[in-house]
Amino acid sequence: MYYVYILKSLKNGRFYTGSTDNVDRRLKEHNSSGSKYTRTTKPFELVYKEEFKTRSEACRKELFYKTGKGRDLLKSLL
C-alpha cells in the first residue's frame with residue numbers, strides 16, 4: 001500500500017505533504033535528520049493520511065493536494 005500524508009510543523013504550524021509506502025518511517029525521518037525541505041521546521045506531527053493501492057495513485061493525489069483546489073480541500077478536512 002502507498003500513502004499520501006500531511007504533516008504539521010509544531011514549530012511554525014505549516015503543513016508538509018508527501019507520499020510514501022511507510023508513513024511511520026517517513027515521519028521519523030522528517031523528525032530526526034530531516035529532509036532538505038523540512039529540516040528547519042521540525043518537529044512534525046502526522047495530521048492526515050490516505051491509502052492507495054498503487055504508487056502512481058498516491059503521487060497523483062499528492063500533486064493534487066499541492067494545488068490551490070487541493071489545499072482548499074485539505075483545509076476543510078483538517
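Which side chain meets Glu 62 in a salt bridge? Select Glu 62 and Lys 66: their side chains meet in a salt bridge, at 2.9 Å from N to O. A salt bridge here is a side-chain nitrogen of Lys or Arg within 4 Å of a carboxyl oxygen of Asp or Glu.

Before going on, note that this is a predicted model, in which local features need pLDDT of at least 70 and side-chain atom pairs count only at pLDDT 80 or more, while totals for chains, interfaces and linings use all residues. Residues are numbered from 1 along each chain as its sequence is written, and side-chain values use heavy atoms, with hydrogens and water left out.

Stay with the pair. Glu 62 is buried, at 13% relative accessible area, whereas Lys 66 is partly exposed at 42%. Buried means under 20% relative accessible area, exposed over 50%, and partly exposed in between (1.4 Å probe, protein chains only).

The structure holds five salt bridges. Asp 21 forms a salt bridge with Arg 25, with 3.1 Å between the closest N and O atoms. Asp 21 is also partly exposed, at 41%.

Glu 29 forms a salt bridge with Arg 25 too, and here the closest N and O atoms are 3.2 Å apart. Glu 29 and Arg 25 are four residues apart in helix H1 (residues 23-31), so about one helical turn separates them. Helices (H or I, at least four residues) and strands (E, at least two) are DSSP runs, numbered from the N terminus. Glu 29 is partly exposed, at 28% relative accessibility.

Now turn to the largest pocket, which has a volume of about 470 Å³. Select Arg 14, Phe 15, Tyr 16, Thr 17 and Arg 71, the closest to its centre of the 18 residues that line this pocket. A pocket is an open set of points on a 1 Å grid where a 1.4 Å probe fits, with protein on both sides within 12 Å along at least five of seven lines; lining residues have an atom within 4 Å of a point.

To finish, colour strand E1 (2-9), strand E2 (15-20) and helix H3 (68-77), the elements that give two or more residues to the lining of the largest pocket.

Key:
Points joined across faces, edges and corners; volume = space filled by probe spheres on them.
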